[in-house]
Amino acid sequence: MIDETLAQRTLEVALARGGDFAEVFVEDKRSSSGHLDDAKIEELGSGRSRGAGIRVVVGDTTGFAHTADLSEKGLSAAAEAAAAAARGGGGGVRQVALTPRQTSPQPVVERPEEVAKATKVELLRRADEVARSAGNAIKQVSASYGDSRRRILVANSDGVLATDDQTRTLFVVGVVATGDTGMQTGRRSIGHTMGFELFDRYQVEDLARDAAEQALTKLMARPAPSGELPVVIGPGGGGVLFHEACGHGLEADHIQKNVSVFAGRVGEQVASPLVTIVDDATMAQEWGTFAIDDEGTPAQRNVLIQDGILTDYMWDQLRARKEGRALSGNGRRQSYQHLPMVRMTNTYLTNGNSDPDQILADTPNGIYVAHLGGGQVNTATGDFVFGMTEAYLIEDGKITDPLREGNLIGNGPKVLELIDAVGNDFAMGPPGTCGKDGQGVPVGDGVPTLRVTQLTVGGTAA
Amino acid sequence: MSSELLEMADRIVAQAKGNEQVEVVVGRSSSTEVRVYEGQVEQFSSATSAGIGVRVISDQRQGFAYAASLDPDVLGETLAEARDNASFATRDEWLGLAEPDGVEVQELDLYRPGIDKVATDDKIDLALALEKAVRSGDRRITGVDSADYADGVSEAAVVSTAGIRVVSRDASCYVSVSCVAEDGGDTQTGYGFSVGRLPDELDLEAAAADATKRATRLLGATKPASSRVTVVLDPYVTAQFLGLIGGTLSGEAVLKGRSLFADRLGEEVAAGNFTLIDDPTNPLAYTASETDGEGLASRRNVLIDGGRLQQFVHNAYTGRRAGAASTANAVRGFASTPGVGCRALSLVPGTKSQEELLAEVGEGVLISSVKGLHSGVNLVSGDFSTGAEGLRISGGALAEPLREFTIGSTLQKMLSGVVEVGGDLEWLPTRAAGLSLVVRDVTVSGS
């Protein structure tokens, strides 16, 4: 990366025109990927991206510049550009003293960059073989492998100097099946903040089998109902519901600009008493986990909603400074080319007490969502959607017909209050990418089985 | 235009060994982004980024590598990495780079020199003026959470051993604003934007008016009852819908059995008033560019003509496999191999304004925005289900605002169910132009 004294000098250049805060963020990211489609290994790819993003804050103005040139000259030029952009007045010399912070990156047992490419390619072939043999109706299989190693260094004018070394490994299988009703898709993915040992923990054959099974099941899917219904959500990926229903609404930047329905509600009941929601970047090896956020703040476990009462928002440096409060470790950015902002990490609903089978049996009619897709929210109105990629009708407390894909829509605060059962089978879901203001960051989500008494299902069946 | 990028690419291509095919893309872009809030600059970013992508085809195998840097040491490493990656791919006799096809590159005037000379203060002033216009427009507007100005210049060179050697440059700018309206305890949001190739082409008043209108007309919105209706898609929503349809016409999707329309060339797939064109040579299109991602000259392709499916879009590989030629639809950034995609879609417009369309529809719903396209639309199965907001159409005019509902159908049904194509064509900062579109028999899911 860059050495401590260079970081220090760069910060001093950044503050040469005055300013309240300056930060140097250095990132070195290497990645490798493999893709199989139509029974062929299409290509292996690899990439490298390395650079620094420098910001200077003067009052409420942030100036930002980035560069791929990590020499002293390159960094100084970027620092000067950021300072000019912040339009600071005054001058004078500002000394910065950096105190290195101890951090423990997530452990890696088998470095993906040391694994032979042939071994990675073999995973793709194994997945393809198993998915194709799942049935005659399977018409197409695609599989993707990816690994990345992202090293970061953060130095700022508060004296913080911290580094992290984040390795992520990912595998995705997609399947297309064809039947009388047309084509259907199945998809499974697995990803963790760990090395190639991911494939000792999970077998790609299981992913392939499950993805194929999902596509085959959906061949028999009928149009989903249309209108308000009770919805039972299965454990794991259902966390997307909370990510959209309240996650974004609890980001302090939305709160401070008063574009969140949760603004001004700390201490109030905002959800059913069964609901406790946590954002936690310390969860061992989950997709949204790290040792430090992209502003150098150590990862934390933050309780956002406790037994239905709103306890805290999520914060980044600027928002926390403005509020005069402690950091929460939620300052993240897509790359050194982007400014950080408040982002989620791993967001989940804590375990409840009910028996998941009983929750289902106690639901006379409705739909059961086994797997969710992504979602979207308008934090100012609270309206949010999430997709169902595998869902079934519930009739007389039993899961019956598979349903075609669609979106469900609800209003965050209302939906949180309508959660009337939470199971005891907590699980984390598949790896996700959260998009906000044009930036994507890796996030995790998790839930136990739960029931919402009413959500609007966007189907087409009368 | 800078020959620097071409020369960098030339140097790598020159290192091709024996029968190796090598293609190099070198890209560079610089951008400025200003966000203002409450009369002050909140964020100001200015930077340049560059990178190189190298594709190697050797012994019927393809490998790829990229680097986000134009450092000479890195360039050599990238070629080596791409070569190594090629050795692991499956042999594919259809692989090959694009070859010059005799179609001349049209000069599209996408870069106006003045853009480099615009003063920073002027850019800031545009964002401030936009924020002020929205704040002071309507008393129900209680906040502007962001008002942005951004501009960017980008250049890309594509050089290959197959004889491709092109470089192109384009520049554009936009302003956008996001605001909140409140009335009687209800909150709604709106956005507006304006795009152009030079700042003096930007229409701040229109952007402010759009944002205000979008936010205020939804105030007091309620959840509708579920029903089957005729919808009128607002131009921006139509643009998003066309982008999805474009995805189903990708030669790659067809090749790999993922396209709804794979077996339907020559057949009626849409209503007779639906003519869909992909034309990146139209300088009015925000996404216009002179060449595609493999360096072939952009050209106009008629995809659906009067409802009949005429062609799919191809890059060199999918074209070759389909027994057709590339339609110059390779899409990529420097960090990836060429995919296939539509580049600048538009429908041939009709003649009526949105008001006239509403009058004809009589009863239905105007859809002013949709949510969750990535989570409720499946291009393989055709399922279409998105969150929506809009207004009831009653007695041929807009009536009460509606929210927290979804619209659902299938892509196939929606295409056949196009009742009318509006004449209100708008060039938007997306891969498709928008206009009002009337579609029958769509399921509204609410209460």
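Helices (H or I, at least four residues) and strands (E, at least two) are taken here as DSSP runs, numbered from the N terminus. The structure is a predicted model, in which local features need pLDDT of at least 70 and side-chain atom pairs count only at pLDDT 80 or more, while totals for chains, interfaces and linings use all residues. Residues are numbered from 1 along each chain as its sequence is written, chains are lettered from A and ligands numbered from 1 in the order in which they are written, and side-chain values use heavy atoms, with hydrogens and water left out.

Side chains of opposite charge can pair when their charged atoms come close. A:Asp128 is buried, at 9% relative accessibility, whereas A:Arg132 is partly exposed, at 29%; buried means under 20% relative accessible area, exposed over 50%, and partly exposed in between, with a 1.4 Å probe and protein chains only.

A:Asp420 and A:Arg451 form one in which the closest N and O atoms are 2.9 Å apart, and because A:Asp420 lies in strand β19 (residues 419-422) and A:Arg451 in strand β23 (residues 450-458) of chain A, the pair ties together parts that are 31 residues apart in sequence. Here A:Asp420 is partly exposed, with a relative accessible area of 36%, and A:Arg451 is buried, at 13%. A:Arg321 and A:Asp158 form another, their closest N and O atoms being 3.2 Å apart. This pair links distant parts of the chain, 163 residues apart, with A:Arg321 in helix α8 (residues 317-323) and A:Asp158 in the loop between β5 (138-156) and β6 (160-179) of chain A. Both partners are partly exposed, A:Arg321 at 37% and A:Asp158 at 46%. Over all chains, a search of the whole structure finds 65 salt bridges.

Between the two chains, the contact (heavy atoms within 4.5 Å) takes 71 residues from chain A and 70 residues from chain B. Chain A and chain B bury about 5,600 Å² between them, 45% of it on carbon and sulfur atoms, where buried area is the accessible area (1.4 Å probe) that two parts lose on being put together, summed over both. On the side of chain A, the residues that lose the most area to chain B are A:Lys117, A:Met183 and A:Lys257, together 11% of what that side buries.

Twelve salt bridges are counted between chain A and chain B. In one of them, the side chains of A:Asp37 and B:Arg258 meet with N to O at 2.9 Å, and these two residues also belong to a network of salt bridges that links A:Asp37, A:Glu42, B:Glu252, B:Lys256 and B:Arg258. Strand β2 (residues 40-58) of chain A gives the largest share of the side of chain A that touches chain B, ten residues. Four bridges join β2(A) to strand β3 (residues 61-67) of chain B, and the two run parallel; strands are said to pair if DSSP finds at least two bridges between them. Within this pairing, A:Ser46 stands opposite B:Ala65 in β3(B).

Back inside chain A, A:Thr345 lies in the loop between β13 (341-342) and β14 (346-349), and A:Thr345 counts as buried, at 0% relative accessibility. Leaving aside neighbours within four places in sequence, A:Thr345 is in contact with residues including A:Gly288, A:Phe290, A:Asn330 and A:Pro442.

Two residues other than glycine have a positive phi. A:Asn258, with a phi of about 55°, lies in the loop between α7 (252-256) and β9 (277-280) of chain A and is partly exposed, at 49% relative accessibility. B:Asp441, with a phi near 60°, lies instead in strand β18 (residues 437-445) of chain B, where B:Asp441 counts as partly exposed, at 32% relative accessibility.

Conventions: A salt bridge is a side-chain nitrogen of Lys or Arg within 4 Å of a carboxyl oxygen of Asp or Glu.
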